[in-house]
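Biologist: I am new to this structure and would like a guided overview. Could we go through it topic by topic?

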Amino acid sequence: MPRNVLTKRRKQILLLILAAGFIFLTFQVFSLSALNISNRLSALRAMDDDGELGINLVRGNRHRRNQAIEEFDMHVEIDVNQRKTAKSDNSDSLKFKPEDSNHRPPDGSEIGEQTAADLVNLPRGVHRTDATYYKPITGNLFLCLDKKKNIPFSQVNDDFCDCDDGSDEPGTSACLDGRFFCTHQIPDERPQSITSSRVNDGLCDCCDGSDEWKEIAAPPGVQRAARNTATVLTVPCQNLCNKVIQRKEEDTKIREIGKRHRQEYVKAASHLHGEEKEKYGPDGVFFKLSRSCFPFKSSGYEYTVCPFKSVKQQQFPRASKLLGETAVWEYMSEGLYILNMLNGASHLCPGEVPRKSVISFLCGINDRVVSILEQETCVYDVKFSTPAAC
């Protein structure tokens, strides 16, 4: 084959290789570009719970409303847990509340004393005792409570977290670790507040419903679960504060009567001594209950509660089922005593774990079972009213 022909073919092959390489590189560049655009479009399609495009990508620390589902179990036990934690929870003020002596805004402005006008213009979610920290300073600005930043006062409660400490969003769920103080506060009670993540989650936490000011309905699953318990209310919320105050007054009267009857329970255990007496609580006050059994009917079941001895469930014509028989104290405080009844029947329980009953003794005038609920599989919540708990 002539040399000039070989040379010509080599040039053609080289050109083909170069052309193929160029096409390959061009394809890779366009593929990466298309992938990047696709990712950006996917990000922009990420909507938060209010339907705003890409808001979670911009704000970063915005809570999603599905936290209501994750925290639902905490709401269910609110009536017992509030009594149990009231003595230890001292969160009566803002988490980032500065010391008055050092709290001075820039430009020589002073934060003045609390006035009636301050309370009228109080931002949503702020407790009245903190009104002085939520007044505009020079230039109509808001000084974050950690004193690290000034922002326009119009950005307070705009559903966007501007301050590093989250103090600019007391009335929304925009910031992590914030607290929302209910608008209506019960007189002579510790301030009522909730974590910011529960604001506008569809569940009524404040007695006046002020935490659900957007009136957004809870997810259907949460609504169905809430209907099964009297302690959880969903949007639309009602103002029940007057009923709460009335209930408080009734509880006070019940406690006074119950304390008088309590002496009879202490006297019934006067013959006990040492560990035997301690088994039945302070002064053996619950010994009298250990000598009786108390029936209760609910949802086709018949229960027999014998404190310190056994808890049984009966559904005729089936045989009775043991829900616990070993008594172990979990918590003791005036007004609430919690007794676990362990080692019940394990049949059909997850992992063959024995059933247990948790008896919450609450202050009351008479000895009676108030309610029995299976809050968890094979775990039974028993609420028991008795003067012994007063």
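Modeller: Helices (H or I, at least four residues) and strands (E, at least two) are DSSP runs, numbered from the N terminus. The protein chain has nine helices and 15 strands. This is a predicted model, in which local features need pLDDT of at least 70 and side-chain atom pairs count only at pLDDT 80 or more, while totals for chains, interfaces and linings use all residues. Residues are numbered from 1 along each chain as its sequence is written, and side-chain values use heavy atoms, with hydrogens and water left out.

Biologist: What is the mean pLDDT of the protein chain?

Modeller: The mean is 78, and 72% of the residues reach 70 or more. The term pLDDT stands for the predictor's confidence in each residue, from 0 to 100.

Biologist: Where does pLDDT stay under 50?

Modeller: That applies over residues 32–113. For this stretch the model has 136 contacts beyond four places in sequence, a contact meaning heavy atoms within 4.5 Å. Where pLDDT is low, the predicted coordinates should not be read in detail.

Biologist: And what share of the residues in the protein chain is buried?

Modeller: Buried residues make up 39% of the 390 residues. Buried means under 20% relative accessible area, exposed over 50%, and partly exposed in between (1.4 Å probe, protein chains only). The protein chain exposes about 22900 Å², of which carbon and sulfur atoms supply 53%; these areas come from the Shrake-Rupley method with a 1.4 Å probe, and for residues only the protein chains shown count as cover. Among contacts with a separation of 6 or more, 43% come from residues 24 or more positions apart.

Biologist: Changing topic: how many aromatic pairs does a search of the whole structure find?

Modeller: The search finds 13 aromatic pairs. Rings of Phe, Tyr and Trp (its six-membered ring) pair if their centres lie within 6.5 Å; planes under 30 degrees apart count as stacked, over 60 as edge-to-face and the rest as tilted. The rings of Trp329 and Tyr337 are edge-to-face, because their planes stand at 65 degrees, with the centres 6.4 Å apart. Tyr337 is buried, at a relative accessible area of 5%.

Biologist: What about Phe361 and Phe384, which also form an aromatic pair?

Modeller: Their pair is edge-to-face, with 5.5 Å from centre to centre and 65 degrees between the planes. Phe361 lies in strand E13 (residues 356–363) and Phe384 in strand E15 (residues 379–386), so the pair ties together parts that are 23 residues apart in sequence. Both Phe361 and Phe384 are buried.

Biologist: Which residues form one aromatic cluster?

Modeller: The cluster is made of Tyr280, Phe286, Phe287, Phe294, Phe308, Trp329, Tyr337, Phe361 and Phe384.

Biologist: Which residue lies over the face of Tyr265?

Modeller: Lys288 does, at 4.5 Å from the ring centre. A charge sits over a ring if NZ of Lys or CZ of Arg is within 6 Å of the ring centre and within 35 degrees of the ring normal.

Biologist: Now the cysteines: how many disulfides does a search of the whole structure find?

Modeller: Eight disulfides are found, each being a pair of cysteine sulfur atoms within 2.5 Å. One of them joins Cys293 and Cys306, whose sulfur atoms are 2.0 Å apart. This link of Cys293 and Cys306 is right-handed, with 110 degrees about the S-S bond. Cys293 sits in the loop between helix H9 (274–278) and strand E7 (294–298), and Cys306 in strand E8 (residues 301–306), 13 residues apart.

Biologist: Are Cys293 and Cys306 buried or partly exposed?

Modeller: Cys293 counts as partly exposed, at 44% relative accessibility, whereas Cys306 counts as buried, at 7%.

Biologist: Which residue does a disulfide join to Cys349?

Modeller: Its partner is Cys378, with an S to S distance of 2.0 Å. The torsion about the S-S bond of Cys349 and Cys378 is about -105 degrees, so this disulfide is left-handed. Cys349 counts as buried at 5% relative accessibility, and Cys378 counts as buried at 4%.

Biologist: And where are Cys363 and Cys390?

Modeller: Cys363 is in strand E13 and Cys390 in the segment after E15, 27 residues apart. These two cysteines form a disulfide with sulfur atoms 1.9 Å apart, and the link of Cys363 and Cys390 is right-handed, with 95 degrees about the S-S bond.

Biologist: Finally, which residues does Ser310 touch?

Modeller: Not counting residues up to four places away in sequence, Ser310 touches Thr304, Val305, Leu322, Gly324, Glu325 and Met341. Ser310 is placed in strand E9 (residues 310–314) and is buried, with a relative accessible area of 13%.
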